[in-house]
Amino acid sequence: MRLATLLAFLRPALPLILGLSLGCSLSLLRVSWIQSDGEDTCMDTGVNNGLFAGKMQKDSIAGGRSSQNDEDFKPRIVPYYRDPNKPYKKVLRTRYIQTELGFHERLFVAVLTSKATMNTLAVAVNKTVAHHFPHLLYFTGLRSAKVPHGMALVSHGDERPVWLMYETMRYIHQHFGGDYDWFYVMQDDTYAQAEQIKTLVTHLSINQDVYLGRAEEFIGGDEQARYCHGGFGYLVSRSLLLKLHRHLDSCRNEILSVRPDEWLGRCIIDFLGISCVSQHQGQHYRSYELAKNADLEKEAGEDFQAALTVHPVSEGTLMYRLHKHFSRIQLDRAYQEIQQLQMQIRNLTSLTPAREGGLTWPIGINAPFVPKSRFEVISWDYFTEQHLFSCPDGSPKCELAGASKADVSDIIEAALQQLNSRYQPQLRFYKQQLLNGYRRFDPTRGMEYVLDLLLEAVTQKGHSHVLAKRVSLVRPLSKVEIIPMPYVTEATRVQLVLPLTVQELDFVSNFLDMFAMNTLDTHDNALLTLLFIYQPYDAQRVSQLDVFAGVKAMVGELEKRYAEVKIPWISVKTEVPSQVKLMDIVSKKHPVDTLFFLASVWTEVNTEFLNRCRMNTISNWQVFFPMHFQEFNPVLMYHGEQAASSSTDFLRDGHFDSHAFAEACFYNSDYMAARTKLAADILDRDEVLESMEVFDVFLRYSGLHLFRAVEPGLVQKYMLRSCNPRLSEELYHRCVLSNLEGLSSRSHLAMALFEQEQANST
């Protein structure tokens, strides 16, 4: 009885006891193996072959035995040591991890052109496929050739075909050999399907010597070696180019050939032993030779449809027709893939718990954005065919024009096409009128439209009926694409320009202190130029009483404190301080490559923003107009209490002022080019300049990118600015709106009104 009771008590613990017993037994058995004196061939082989990491002592392997110490396998932290006798050198780190890890771009394209075809076939290539390739250069043998618009041309100065090929390969290796994995060489009489070629290189290994193209036999040769025909283009891998470079000079002197593609193929075969192939790693390089006077409508064979390149192309119009033909093929394939994917999504959705209710419209597009609060609700913009009722300037109604009008027309036409394709041949729809239109931008899916159309429906028998129909459309977001931008450096000198009026004298001291602390003390590559704007009355009394004497004294103190720094100033007399007129004066006194930062007296200059000014401003490409952060009125925000100095709650303490364009970063050369176009347009009417800012000059008279973005590095204290009524109505309106929106947040304004009403009622 006692035994049965004991077993019943121990039964729940039996698995634990058995597990502990088995574990202890295996541990003792393992210890006996490790401490045995027998030969351990596995350990001996592993150590001798270097399979174990760690520091090996000289006597760690003796007589075929392993006497490795456990300390050798423990990781050791190597302390940082810097020689105090050597000067400290800052380590230069790249801005992007891709650059630091040594990643290469995928594909570089070289197009060989000539004097006879540069303005015809080369231009056709540039307009059809150049925008699909990330980097494309044209090479010619002409001297000082006139480059067509939008093309990057390298001129070697020798029109001999073989010499042009030699110089081209040499130039590619010298300038791009370390930046790209694949190099594609083609002629300007070749049509290439850019997207298909980019897809081809993504399926090939980059660490092999590849010479891929249309393999051809050498003229008069009976050997097995082949060269790649230049008319159909060919791919050269980076590793092959690096090996070929050292033999180019020998090939130029020893190999005689008339055709440049044969010369290059012979050079690769003789010195590297690599022949041209038409397929590699299961990828085929398909090409098609186009007959003279060929009719593209009749070219319907599989070889033509699957060709990566077509050669020869005799004229530019044929190049455009080929591009249209293959673009249509790619578009049809894309539509077929979309239909197949939608069918698969529909079939899979039926197996989910939500079944058909889980489908989104359109199928495959993200579901609409669901707001979590009333502040995230996306509003709809109402429009008709003539007017828009959500205007950029805030007015309730404006004329529908420009890109908005083209967008509405395109959407109405697309709606009619979809209706007719769905209901034909039973019905045919004709638009009579757009009754109502609504659109909004959903960041998760794209542009959404709702149209109320008044349509005339015509049957097959000719009977017509007028009806109103509501349709919904979506213009989905396309594939995100990284736009290539020129590289800029952070070592560029920034020239600060500070216009200063009499009303702003009280804030100069703080500006100069911040400039000295953030730029002069840190030895930032930045200079300062002051613009003293005198009223006519103050300019007449400058010899007796200079209103800017105190500022000039502050500048003198800074120049004494920093002996290597000079802060020049320019005096200007005017009643209307136009921003454009002031920049005209400053622009003439600086070199064309000067990077200007047009600042205001309330700007707190810091290194963080100056670096972004350098990076976001690109000569002959982009100008930068930051939106500074404007703090709210502390009287309304804190009711006279002291604000926390370390407050970072932007939504509570201020806002980004979208109405201010006082700060700007741009190069002097870009400003001078835009200003020249402006002068030709206004024909010496100086009063027009009073209604414009520098932003308007770049917007209307330059083809540059205008980068407008919020800038948390520019923080300004609250100040009620004086709006000059002598400026244009638009500039005065901007100034007033900036003052009004900079008072406080809506909640604090409502609280102030409530407290005021409570005080008046009592």
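Predicted model: local features only at pLDDT ≥ 70, side-chain atom pairs only at ≥ 80, totals over all residues.
Me: How many cavities of 30 Å³ or more does the count give, and what lines the largest cavity?

Reply: As a general idea, rolling a probe the size of a water molecule over the atoms shows where empty space is left. In this structure the count comes to two cavities of 30 Å³ or more, and the largest cavity has a volume of about 40 Å³. Its lining is made by Gln630, Tyr718, Met719, Arg721, Ser738, Asn739 and Gly742, which divide by class into two nonpolar, four polar and one charged.

Me: Turning to open space, what is the volume of the second largest pocket, and which residues are the closest to its centre?

Reply: The second largest pocket holds about 1600 Å³ of space. Of the 37 residues that line it, Gln342, Pro362, Gln418, Val474 and Pro476 are the closest to the centre. Helix 12 (316–349), helix 13 (402–423) and strand 21 (464–476) each contribute at least two lining residues, and the largest share, ten residues, belongs to helix 13. Taken by class, the lining of this pocket has 20 nonpolar, ten polar and seven charged residues.

Me: At what angle do helix 14 and helix 16 pack, and are they roughly parallel or roughly antiparallel to each other?

Reply: The general idea is to compare the N-to-C directions of the two axes, where an angle under 35 degrees counts as roughly parallel. Helix 14 (residues 508–520) and helix 16 (residues 549–561) pack at about 15°, with their axes 11 Å apart, and the two are therefore roughly parallel to each other. Their crossing is right-handed.

Me: Which residues make the contact between helix 14 and helix 16?

Reply: Helix 14 brings Val508, Ser509, Leu512 and Ala516 to the contact, while helix 16 brings Val551, Met554, Leu558 and Arg561. Sorted by class, the residues of this contact are six nonpolar, one polar and one charged.

Key
Residues numbered from 1 in each chain as written. Heavy atoms only, no water. 1 Å grid on protein atoms, 1.4 Å probe; cavity = no way out; pocket = protein on both sides within 12 Å on 5 of 7 lines; lining within 4 Å. Points joined across faces, edges and corners; volume = space filled by probe spheres on them. Helix = DSSP H or I, 4+ residues; strand = E, 2+ residues; numbered from the N terminus. Nonpolar A, V, L, I, M, F, W, Y, C, P; charged D, E, K, R; others polar. Axes fitted to C-alpha atoms, helices over the stretch in contact; angles between N-to-C directions. Parallel < 35°, antiparallel > 145°, perpendicular 65-115°, else oblique. Left-handed = near helix turned anticlockwise from the far one by under 90°. Contact = heavy atoms within 4.5 Å.
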